[in-house]
Amino acid sequence: MNTRRFFQLGVLVAIVIALAFEAPALASEETKEQKTKKQPPTQLQIGVKHRPANCTVRTKPGDSVSVHYTGRLFSDGTEFDSSRKPGRGSPLDFVVGQGSVIKGWDQGLLNMCVGERRVLKIPADLAYGARGAPPVIPPDAALVFDTELMAINGVGAESSDAEANDAGDSDDAAHEEL
């Protein structure tokens, strides 16, 4: 074998060896990226950001409520709506459990105290589903809402320590303290 051919063969072997060692490193980088990418929720997730120390009345189906909120797309955090925007500034009023809001709200705002703040991570099927809400909310989009219950309309907001101590009852078992 001549020297030039031998040299070319050596270079080719070196490249193959380098690629063999580089491929697993590239694959593990992709795996790390995939692991850190957030997966949309498949069920409603309720995170409690603030719970008042005293609470005698909690929301239930049929209650008329006032809620401040900021809504974001789960995928990239883009804010699409907020009741706290300058010039708007008033909470949304609706009746819980009557279908006047998305299902994630009807479910996620139950058993909530006036003054309580929650983060709701809502899967697409409990939000706007396959239709989305063009042009701001794409089809099959999971949503995140930062919510604060301002009032249960028609109900006094007086509170006592008695029901506040019920914070660990089964209705709150799925809630995550933030």
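Predicted model: local features only at pLDDT ≥ 70, side-chain atom pairs only at ≥ 80, totals over all residues.
Asp63 is buried, its relative accessible area being 8%, where buried means under 20% relative accessible area, exposed means over 50%, and partly exposed is in between, with a 1.4 Å probe and protein chains only. Residues are numbered from 1 along each chain as its sequence is written, and side-chain values use heavy atoms, with hydrogens and water left out.

Staying with Asp63, its salt-bridge partner is Lys60, and the closest N and O atoms of the two are 3.0 Å apart; by salt bridge I mean a side-chain nitrogen of Lys or Arg within 4 Å of a carboxyl oxygen of Asp or Glu. In general, side chains of opposite charge can pair when their charged atoms come close.

How many salt bridges does the structure hold? There are seven of them, including one between Arg72 and Glu79, whose closest N and O atoms are 3.6 Å apart. Both of those residues are partly exposed, Arg72 with a relative accessible area of 33% and Glu79 with 38%. Lys49, Arg117 and Asp146, for their part, are linked in a network of salt bridges.

Another of the pairs is Asp81 with Arg88, where the closest N and O atoms are 2.6 Å apart. Asp81 is partly exposed at 22% relative accessibility, and Arg88 is partly exposed at 37%.

Asp81 sits in strand E3, residues 79–82; helices (H or I, at least four residues) and strands (E, at least two) are DSSP runs, numbered from the N terminus. If we set aside neighbours within four places in sequence, Asp81 is in contact, meaning heavy atoms within 4.5 Å, with Tyr69, Thr70, Gly71 and Arg88. Thr70 is eleven residues from Asp81 along the chain, and their C-alpha atoms are separated by 5.9 Å.

Let me turn to the disulfide, a pair of cysteine sulfur atoms within 2.5 Å. The structure holds one, and it joins Cys55 to Cys113 with an S to S distance of 2.2 Å. Cys55 lies in the loop between strand E1 (45–50) and strand E2 (64–73), and Cys113 in the loop between helix H2 (103–108) and strand E5 (117–122), so the pair ties together parts that are 58 residues apart in sequence. The torsion about their S-S bond is about -100°, so this disulfide is left-handed, and both Cys55 and Cys113 are buried.

Which residues touch the most other members of the largest nonpolar core? Of its 24 residues, they are Phe94, Trp105, Ile122, Leu143 and Phe145, where a nonpolar core is a set of buried Ala, Val, Leu, Ile, Met, Phe, Trp, Tyr and Cys residues joined through side-chain atoms within 4.5 Å. The elements giving two or more residues to this core are E2, E5 and strand E6 (143–153).
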